[in-house]
Amino acid sequence: NHQADYDGHIWLSPINASVMVKQLAEILAQLDPANANHYLNNRDRLLQRLESLRNQLDQQLLAVRNQAFLQFHDALQYFEHDFSLKRGIVVTSGAEHAPGARHIRALQKKINDEKIRCFLYEPPQAPKLLQTLDVNHNANMQALEIHGSQMTAGEDLYFNLINSIALKISDCLQNKKEQ
């Protein structure tokens, strides 16, 4: 998938987040030497929290690691990679690209063949196309907030966002309905 090379959702990877934290702390410490210790202490605290988050979610997602799911558009590749999840089947490369009839039929066959029952989409509503793809009317449709725009701002936002994504994916793959 050529577009995967240009996926802008790098923040969905705690590993990438750790790299960004390290880089930003170094830059800030160089630009503001008087506060360098503050930046470096924050870096260390954040890196510990990110490591703890990764370990916790690695365990949480272990049971669903090899289960197939469908995602409306390709936004989860970094998250999938970090937690060794089976690559999600992508409906479309973006909201502005509607798949053709041949692609829809191929997706329906793949969904049926692989018995995929977890469909992920971004709010506010499940695209009508997902209903079309759910031929047997038994898919678990799960809204996945990937930008954090509906969450409370603050130092826990990133951790809440990544936790929420992991929980929704886990629930969807275990066929638990949305709360």
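This is a predicted model: local features need pLDDT of at least 70, side-chain atom pairs count only at pLDDT 80 or more; totals for chains, interfaces and linings use all residues.
By class, the contact between H1 and H2 has 14 nonpolar, four charged and one polar residue. On the H1 side the residues include Pro14, Ile15, Val21, Lys22 and Leu28, and these belong to a set that meets H2 residues, among them Tyr39, Leu40, Arg43, Leu46 and Arg54.

Helix H2 covers residues 36-61 and has 26 residues. From its first C-alpha to its last, H2 reaches 37 Å, close to the 38 Å expected at 1.5 Å a residue. The buried residues of H2 are Ala36, Tyr39, Arg43, Leu47, Leu50, Leu53, Leu57 and Leu61. These buried residues pack against H1 (14-31), and also against helix H3 (77-82) and helix H6 (157-173). Asp44 is also found in helix H2. With a relative accessibility of 36%, Asp44 counts as partly exposed. The C-alpha atom of Asp44 is separated by 9.9 Å from that of Ser18, although the two are 26 residues apart along the chain.

The largest nonpolar core has 28 residues, of which Leu76, Phe79, Leu120, Ile165 and Ile169 touch the most other members. The elements that give two or more residues to this core are H1, H2, H6 and strand E3 (118-121). H6 provides the largest share, nine residues. Apart from neighbours within four places in sequence, Phe79 is in contact with Leu12, Leu61, Leu85, Ile162, Ile165, Ala166 and Ile169. A second, separate core has 17 residues, including Ala68, Phe72, Val91 and Leu107.

Backbone angles were also examined. Most residues other than glycine have a negative phi. Ser84 is not a glycine, yet has a positive phi of about 50 degrees. Ser84 lies in the loop between H3 and strand E2 (89-92). Its relative accessible area is 44%, so Ser84 is partly exposed. Lys115, likewise not a glycine, has a positive phi of about 50 degrees. Lys115 is found in the loop between helix H4 (101-113) and E3. Residues with a relative accessible area over 50% count as exposed. Lys115, at 60% relative accessibility, therefore counts as exposed.

Conventions
Residues are numbered from 1 along each chain as its sequence is written. Side-chain values use heavy atoms; hydrogens and water are left out. Helices (H or I, at least four residues) and strands (E, at least two) are DSSP runs, numbered from the N terminus. The expected span of a helix is 1.5 Å times one less than its number of residues. Buried means under 20% relative accessible area, exposed over 50%, partly exposed in between (1.4 Å probe, protein chains only). Contact means heavy atoms within 4.5 Å. Ala, Val, Leu, Ile, Met, Phe, Trp, Tyr, Cys and Pro count as nonpolar, Asp, Glu, Lys and Arg as charged, and the others, Gly among them, as polar. A nonpolar core is a set of buried Ala, Val, Leu, Ile, Met, Phe, Trp, Tyr and Cys residues joined through side-chain atoms within 4.5 Å.
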